[in-house]
Amino acid sequence: MNYAALIPLFPLVGFAIIGLFGRRLGSEKVIGSIASLAVLASFVTAVAVFMGLTSMPADARSFTVPVYTWIATGSFSVDIAYQFDQLSILFTLIITGIGFLIHVYSTGYMHGDRSFPRFFAYLNLFVFMMLNLVLASNFLLTFLGWEGVGLASYLLIGFWYDRKFEGSGIVWTGDAAKKAFIVNRIGDFGVLLAMFMLFNAFGTLEYATINAQAGVVLGGQETLVTMITLLLFLGCTGKSAQIPLGVWLPDAMAGPTPVSALIHAATMVTSGIFLIARTNVLFAMSPTTMAVVTGIGITTALIAGTVGLVQNDIKKVLAYSTVSQLGFMFTALGVGAFTAGVFHVMTHAFFKALLFLGSGSVIHGMHEEQDIQKMGGLKKYMPITYKTFLVGTLAISGIPLFSGFFSKDEILWFAWLNGSPILWAVGALAAFCTAFYMWRLTALTFLGKERFDHHHVHPHESPKSMTIPLIILAVLSAVGGLLGIPHVLGHPLHLPNLLEEWLAPIFANGVALLPKHTGDHTALEFTLMAVSVGIGAFGIWLAHSLYKDGTEKARALGARFSAVYKLLWRKYGVDEVYDVLIVSPIVVFSRSFLWKMVDVVLIDGIVNGSARFVASTGNVIRRIQTGVAQHYALIMMVGIIALIAIVTVPMLK
Amino acid sequence: MQIDYIGSLPLIVIWLALGAIGIVIQAFVRDNTRLVFGYYVATLGLTGLAAIVLSGHKGASFGGMITLGGYANYFDALFCGAGIMALLAARPYLQKEESEVDEFYTMLVSSVAGMMLMAHASNLVVLFVGIELMSISFYVMAGFFRTSTKSVEAALKYFLLGCFATGFLVYGMSLIYGGTGSLAYGDIARTVVTQQLTYPTLFVVGTTLLVIGLSFKIAAFPFHQWAPDVYEGAPTAVTAFMSTAGKAAAFSAFVAVFVALLPAGWTSEIAQNQQIVIAVIAAATMLLGNITAVVQSNVKRMLAYSSVAHAGYMLMGILAGPSLGTDGMNGHHAIVFYATSYLFMQMGAFVVVGILERRDGGFLNIDDYAGLHHRHPVLAALMAVFMFSLAGIPPFAGFFGKYMLFAAAIERGFTWLAIVGVVSSVISAWFYLGLIVKMYFQDAKDSGHEAPAGLAGFTLAVSVVGVVFFGLFPQLLINIFRSW
């Protein structure tokens with residue numbers, strides 16, 4: 001199945017065509033079609049590869065396609081090779097499938113934008129890089145993709161570089177883009193260090209070798225494994241917006257909404273989960289790291305969830321929701337429920353892409369209005385957007401039979417089983433927040449009175465190119481969970497957990513290293529399931545009763561608990577804390593010491609000094625270049641004598 | 001005498017085309033520049049094709065004076081390709097200067113014939129004939145603008161100093177003959193390996209003189225001083241060719257000669273002193289070339305000094321020698337890779353200079369390039385690619401060449417030399433990137449129109465494709481090298 005290597009090639013070709021000839025292609029239709037078809041071609045190929053994999057025996061579902069050896073010198077060789085197995089093909093299907101829908105959606109959303117070709121060139125570039133990230137057979141190529149998606153994300157957040165954007169310490173969209181890029185660089189540094197350490201230990205960066213030999217090479221060196229995995233995890237906190245590097249994601253909403261859907265909800269931000277899943281053996285070898293992952297994950301889930309309760313920008317609510325859901329995924333990975341984590345990646349990709357695209361549809365219909373306090377009653381103007389958004393809300397809130405129910409419930413169950421009841425309780429609280437803020441968002445946007453100015457705003461349903469992707473995603477959000485029916489439900493009904501069976505070989509080695517919990521917990525599991533459904537329903541009911549008629553009731557409540565409200569509104573003062581603890585000291589230190597002392601005096605001194613030295617040496621040497629041939633001959637003669645002396649004098653002894 | 005006619009076909013084709021048919025065409029056809037131009041492009045194309053087709057045909061010819069296949073044929077193809085690129089770039093340039101004369105094309109092809117002999121030689125006498133054939137053609141080409149004092153001065157300087165260096169080269173060969181009793185590479189190697197040197201001192205002095213003679217051809221310190229003056233004074237199209245293909249040819253001979261003179265590598269006691277000589281030359285050449293390039297204000301001169309520095313980098317490959325094990329970095333392969341990528345990037349840079357150059361010799365100052373990207377976005381972008389590659393920035397071919405050379409040097413324990421190389425690379429970034437800064441971030445002082453690129457556009461396209469392609473797929477070349 002060597003044709004599998006074409007999967008990342010299509011978007012690259014799309015990027016090249018649109019990037020080089022975008023302006024000359026002229027019509028938006030042509031550009032949009034090229035970009036969308038490139039991703040569709042990848043998706044179709046990926047489906048074919050997936051079919052091929054299913055026809056193989058379960059333990060042989062993995063093959064590598066070497067594209068070429070970039071360079072092989074001595075002991076170091078860099079292969080451009082793609083690895084197709086259960087994990088990478090799943091991510092590929094998500095990336096290309098949802099990517100295609102979002103490309104189609106964008107042709108409607110970006111209609112009339114003066115930089116239409118640039119947008120699609122970047123979008124194709126992103127898909128190419130993301131596919132490199134997940135399909136790579138070695139760390140180095142993954143890192144190329146890792147940096148590449150960072151670049152694409154930077155370019156797309158700052159796509160409307162001349163627009164203002166309100167954020168903490170941010171004025172322009174370009175600032176938001178920079179913030180995302182710089183914060184990510186910190187994490188990338190961790191990944192880079194981890195790669196150095198892995199290469200030092202294994203002499204290779206191939207996943208297959210590292211996963212197979214991890215026990216032999218790193219066995220007994222828990223400190224080293226912990227360091228490597230923690231550094232990798234630092235990179236994951238950057239890309240996947242976890243504490244402490246999660247501050248960039250809410251500001252990344254400065255980008256166009258399809259970008260938020262594709263990059264900052266469905267695909268790029270899940271690369272952290274992918275990386276841990278890919279190297280699950282290493283992580284499973286370090287209980288310390290697993291505990292850190294769990295702790296960070298659940299804390300992020302709760303904090304982001306509570307901050308989401310009070311946001312008024314439709315996209316910011318979704319952004320905090322994304323951070324919170326990513327926290328759930330890391331919690332799952334941390335307690336060793338790798339399949340549950342990847343399952344949630346998939347369902348989250350469906351419903352969060354749906355919600356973001358739905359919000360984009362609202363923003364589009366409301367003429368760029370993003371404040372939900374100025375919306376309301378949009379149900380009758382935008383029926384399709386409303387219905388699909390409702391499906392997304394129910395899915396993320398964990399209402400039974402919608403996709404989010406299955407994946408979130410599995411995570412909560414494993415949090416209790418492999419972790420502790422407290423972990424479950426915190427998770428359940430975060431799940432309550434999810435249901436609450438999502439219904440608040442739905443109610444304020446689509447239900448109740450119309451609070452917008454009828455003279456200026458004329459809400460309208462979006463074109464078909466935008467609503468059809470919404471409908472497809474809504475169907476997926478509704479039924480996507482059936483791929484991973486938990487055993488407790490599936491067993492009596494004789495329904496298999498397809499996803500778990502599919503991914504089992506990937507995680508077999510990692511899971512084998514972790515402690516096992518056996519025994520029959522059917523009753524407990526059903527109870528917890530009922531409780532968490534109850535919590536979700538309660539959240540929805542509470543939000544509905546508070547917000548169905550607008551924000552007055554909530555405002556009164558907010559006034560009564562103003563301390564709590566302010567705390568949440570200020571995002572626990574995270575930005576201020578960062579400012580006081582990290583940014584200000586760094587700025588002061590940088591300005592007064594690094595800049596004025598080290599840079600101006602020391603570095604500039606050295607640089608300018610050495611530059612002056614080089615230049616003056618050059619000026620001296622050029623004097624030798626007299627232009628007179630006799631002088632040249634003389635210097636040659638001196639050189640000849642000196643060289644002959646060097647070789648013969650030792651021989652005379 | 002044993003002659004392998006099939007295997008020698010590339011050489012026979014170019015000799016016949018030059019010596020028999022070309023002369024006749026030039027003697028009997030009037031207004032023939034276009035015909036001669038086309039004829040020689042076809043000749044080089046045919047020769048290069050023959051070399052590629054026959055690259056698997058290994059052996060010896062002309063009574064063992066010449067080796068065939070592999071290494072030599074690779075260089076044949078490289079020289080012919082470079083020759084075609086230079087011919088295409090030269091025609092519009094010469095027309096712009098109103099000095100297009102058919103003899104120019106003959107001289108260029110005859111220099112290619114000399115280079116091919118250098119790569120094929122397995123006898124010092126053949127090597128000498130090749131070097132002289134190439135050099136004499138270069139002397140003539142350097143002085144091709146007969147009415148320009150600069151051009152004539154360059155040719156005369158080149159000729160005088162070249163003769164001086166040739167004297168030492170021949171003297172070195174004779175001493176080697178005295179020490180070993182043979183001029184054939186194989187016999188010399190055998191004598192050295194079996195330690196049957198009659199007069200070791202003669203042999204050592206002879207090899208040193210040979211190194212000196214070749215160092216002149218590659219413009220290594222302290223035998224480099226002709227290079228800036230000649231490269232600046234010669235017509236730009238000529239400079240583009242001689243600073244690239246000429247250097248590659250000298251290195252092709254350098255490598256082959258060293259395989260013969262030091263068959264056991266650098267392990268013997270005699271060799272260690274030689275090693276120091278080469279190391280000193282390499283270090284001094286890199287530093288001096290780059291430091292002096294920093295203070296130049298003329299683009300051609302800057303590139304000339306940088307070309308001196310690149311010779312220093314490549315000498316590191318000679319120092320490293322062939323790889324020790326199967327895993328190690330092969331210094332000679334690194335040289336061939338570097339010479340190949342250097343050919344593309346340096347020729348590309350000089351061709352851009354040639355296109356921009358005015359008839360009166362204007363537009364050669366670095367300051368003239370300010371704001372170039374406004375007027376010539378494509379030329380500026382190409383120049384930027386060539387500069388990045390020359391500075392050794394990935395993913396261009398220049399980066400991998402440098403990486404391989406430095407890695408080879410470090411593997412053989414010459415870490416200090418690699419450090420010198422890195423430091424001088426940093427210095428070189430100053431003027432390479434400085435030119436890019438000029439082109440992109442400064443406002444133009446000058447306006448005006450340059451002649452259209454014409455056929456030279458093809459040369460530029462090939463150059464940029466080569467620089468990018470061999471940066472992305474270096475392994476393709478390395479695999480060819482491994483098959484030798």
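This note sets out points on the pockets, cavities, domains and selected residues of the predicted model.

1. **The largest pocket.** The largest pocket has a volume of about 1100 Å³. Its lining consists of 37 residues, and those nearest the centre are G336(A), F414(A), L417(A), N418(A) and H517(A). Six helices of chain A, namely α13 (287–308), α15, α17, α20 (487–493), α21 (498–513) and α22, each supply at least two lining residues. The greatest contribution is that of α21(A), with six residues. Sorted by class, the lining of this pocket holds 20 nonpolar, twelve polar and five charged residues.

2. **The largest cavity.** Five cavities of 30 Å³ or more are present in the structure. The largest cavity has a volume of about 130 Å³. It is lined by 15 residues, of which A89(B), Y93(B), G354(B), I355(B) and A456(B) are the closest to its centre. In chain B, the elements that give two or more residues to this lining are α3 (71–96), α10 (236–242) and α14 (331–356). The class count for the largest cavity is twelve nonpolar, two polar and one charged residues.

3. **The second largest cavity.** Two or more of the lining residues come from each of α17 (403–419), α18 (421–446) and α22 (522–547) of chain A. Helix α17(A) provides the largest share, four residues. By class, five nonpolar, four polar and two charged residues line the second largest cavity.

4. **Helix α17 of chain A.** This helix deserves a separate remark. Helix α17 of chain A gives at least two residues to the lining of the largest pocket, and α17(A) also supplies four residues to the lining of the second largest cavity. The residue S403(A) is found in this helix.

5. **S403(A).** Is S403(A) buried or exposed? It counts as buried, because its relative accessibility is 0%. Beyond its neighbours within four places in sequence, S403(A) is in contact with T347(A), F351(A), A395(A) and L476(A), and also with S477(A), A478(A), G480(A) and G481(A).

6. **Domains of chain A.** The domain assignment divides chain A into domain 1, which covers 67–75 + 156–555, and domain 2, which covers 576–652. How far apart do the C-alpha centres of domain 1 and domain 2 of chain A lie? The separation between these centres is 51 Å.

7. **Cis peptide bonds.** In chain A, I243(A) and P244(A) are joined by a cis peptide bond with omega of about 10°. P244(A) is located in the loop between α8 (222–239) and α9 (248–251) of chain A. In chain B, a cis peptide bond links F221(B) and P222(B), with omega of about -5°. P222(B) is placed in the loop between α8 (200–218) and α9 (226–233) of chain B.

8. **A241(A).** The loop between α8 and α9 of chain A also holds A241(A). The phi angle of A241(A) is near 55°, a positive value in a residue other than glycine. A241(A) counts as buried because its relative accessibility is 0%.

9. **H367(A).** H367(A) is not a glycine, yet its phi is positive, at about 55°. This residue lies in the loop between α15 (338–365) and α16 (383–397) of chain A. Its relative accessibility is 42%, so H367(A) counts as partly exposed.

10. **T45(A).** Helix α2 of chain A, residues 28–54, contains T45(A). With a relative accessible area of 10%, below the 20% limit for a buried residue, T45(A) is therefore buried. When residues up to four places away in sequence are not counted, T45(A) touches Y3(A), I7(A) and F10(A). T45(A) and L144(A) are 99 residues apart along the chain, and their C-alpha atoms are separated by 22 Å.

Note on methods: Residues numbered from 1 in each chain as written. Chains lettered and ligands numbered in written order. Predicted model: local features only at pLDDT ≥ 70, side-chain atom pairs only at ≥ 80, totals over all residues. Heavy atoms only, no water. 1 Å grid on protein atoms, 1.4 Å probe; cavity = no way out; pocket = protein on both sides within 12 Å on 5 of 7 lines; lining within 4 Å. Points joined across faces, edges and corners; volume = space filled by probe spheres on them. Nonpolar A, V, L, I, M, F, W, Y, C, P; charged D, E, K, R; others polar. Domains from an automatic or database assignment. Buried < 20%, exposed > 50% of the residue type's maximum accessible area, 1.4 Å probe, protein only. Contact = heavy atoms within 4.5 Å.
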